[in-house]
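Biologist: I would like to learn how to read aromatic contacts in a model. Could you take me through them step by step?

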Amino acid sequence: MSKLRLLFVKEAQASYISHLDLMRTFHRVFPRAGLSLRHSNGFHPHPLLSIVLPLPVGQESDCELLDFETVEDSDGAGVADALNTGMPAGIRVLDCYPVVRPVKELAYIRAEMELDYDRGVPEGAIRAVEALFAREEVLVEKRTKHKELAQINIKPMLRSLTLAETERMLRAGVVVMAQNPGLNPAFIGAAIAGYLPELAPDFVRVRRRALYDAEMKEFR
């Protein structure tokens, strides 16, 4: 028996595949890898695999992780190539390797954001956004686990924010907390729209670039 981890890309049209549909996709392609997945016990056994920090629909990522268990012993060699033969466009497995670090050590996500402005970036946008996130409290509305709306302060969950401007776009590099609690970078765009309506972007794109532990060392 082995515990293995996949590192995979999710992008382009695949970014609109829901978490459940993505799980179904992996269930279907795993037989191509020649591995027998371990299943849960009970009346309705299911494969023991889980996606670490499921990606919100519409976002892209270079660093998605999926953990799974096999019946036989394996070091993951050849699994990535075998899975990629059956993957839909936009999903590509980069590597497969034994799990050596628990998910609880995953602390931060580095992401890139593109905030589009159809009529061009308003003057002074970078200064205004930097001033907003210099505050001790930046509140956004978010649904709780009980599906209720609540105001949460996202500032403590934002480790860093860097901004650059083109004619019709603000580019933001962010590092946010990954879990307990975690911050969806899209809420940064929501905060800008809420506090600075004149700077509300017409569209926001998010792409995860890397995962880190508490010491900002790459997590895999």
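Modeller: Let us start with burial: a residue is buried under 20% relative accessible area, exposed over 50% and partly exposed in between, with a 1.4 Å probe and protein chains only. Phe30, at 1% relative accessibility, therefore counts as buried. This is a predicted model, in which local features need pLDDT of at least 70 and side-chain atom pairs count only at pLDDT 80 or more, while totals for chains, interfaces and linings use all residues. Residues are numbered from 1 along each chain as its sequence is written, and side-chain values use heavy atoms, with hydrogens and water left out.

Biologist: How many aromatic pairs does the structure hold?

Modeller: A pair of aromatic rings is described by the distance of the centres and the angle of the planes. Rings of Phe, Tyr and Trp (its six-membered ring) pair if their centres lie within 6.5 Å, and planes under 30 degrees apart count as stacked, over 60 as edge-to-face and the rest as tilted. The structure holds 3 such pairs. One of them, Phe8 with Phe26, is edge-to-face, at 5.2 Å centre to centre and 65° between the planes.

Biologist: Which parts does the pair of Phe8 and Phe26 tie together?

Modeller: Phe8 lies in strand 1 (residues 2–10) and Phe26 in helix 1 (residues 19–29), so the pair ties together parts 18 residues apart in sequence; helices (H or I, at least four residues) and strands (E, at least two) are DSSP runs, numbered from the N terminus. The rings of Phe26 and Phe30 have centres 6.4 Å apart and planes at 45°, so that pair is tilted.
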